[in-house]
Amino acid sequence: MARDNWTFLTNLGVVYLHLVDHPGDTIRLIADQLGLAERTVAGIVADLRQAEYVVVGKRGKQNVYSIDLMLPMRHPIVAD
């Protein structure tokens, strides 16, 4: 019996990649686009901020996310 509901990337990975391409998206929009709960996305963004992969700025009242693409990935196989 084959399972068709698995993916290669974790929720953290897909949120990170989404922010790379769409830094002005809101938590709600990211959640809708990725099929995740807003609370899940907010927690992932908080984790990425704490690890300094994401910096949050403001454009008016809206958050805008900057990704530090120079930080190495955490897994040794993809760190370079």
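Student: Is glutamate 52 buried or exposed?

Tutor: The model is a predicted one. Glutamate 52 sits in the loop between helix H3 (38-50) and strand S1 (54-59). A residue counts as exposed when its relative accessible area is over 50%. Glutamate 52 has 58% relative accessibility, so the class is exposed.

Student: What is phi of glutamate 52 near?

Tutor: Most residues other than glycine have a negative phi. Glutamate 52 has a positive value although the residue is not glycine. Its phi is near 70°.

Student: Which glycine with a positive phi follows H2?

Tutor: The residue after H2 has a phi near 70°. That residue is glycine 35.

Student: What pattern does the protein chain follow along the sequence?

Tutor: The chain has three helices and two strands. Read along the sequence, their order is α-α-α-β-β.

Student: Leaving aside neighbours within four places in sequence, which residues is leucine 19 in contact with?

Tutor: With neighbours within four places in sequence left aside, its contacts are Ile30, Val45, Leu48, Val54, Tyr65 and Ile67.

Student: Is histidine 18 buried or exposed?

Tutor: Histidine 18 is found in helix H1. Not counting residues up to four places away in sequence, this side of the account includes contacts with Asp25, Ile30, Gln33 and Leu34. Buried means under 20% relative accessible area. Histidine 18 has 9%, so the class is buried.

Student: Why are the buried residues of H2 on the same side of the helix?

Tutor: The buried residues of H2 are Ile27, Ile30 and Ala31. They are on the same side of H2 because the arc they cover around the axis is only 100°.

Student: Which elements do the buried residues of H2 pack against, and which exposed residues are on the face turned away?

Tutor: The buried residues of H2 pack against H1, H3 and S2. The face turned away from the buried side carries the exposed residues Arg28, Asp32 and Gln33.

Student: How far apart are the closest N and O atoms of arginine 28 and glutamate 38?

Tutor: Side chains of opposite charge can pair when their charged atoms come close. Arginine 28 in helix H2 and glutamate 38 in helix H3 are ten residues apart. Arginine 28 counts as exposed at 53% relative accessibility, and glutamate 38 counts as partly exposed at 36%. The two form a salt bridge, with the closest N and O atoms separated by 3.1 Å.

Methods: Residues are numbered from 1 along each chain as its sequence is written. This is a predicted model: local features need pLDDT of at least 70, side-chain atom pairs count only at pLDDT 80 or more; totals for chains, interfaces and linings use all residues. Side-chain values use heavy atoms; hydrogens and water are left out. Helices (H or I, at least four residues) and strands (E, at least two) are DSSP runs, numbered from the N terminus. Buried means under 20% relative accessible area, exposed over 50%, partly exposed in between (1.4 Å probe, protein chains only). Contact means heavy atoms within 4.5 Å. The arc is that of the directions from the helix axis to the C-beta atoms. A salt bridge is a side-chain nitrogen of Lys or Arg within 4 Å of a carboxyl oxygen of Asp or Glu.
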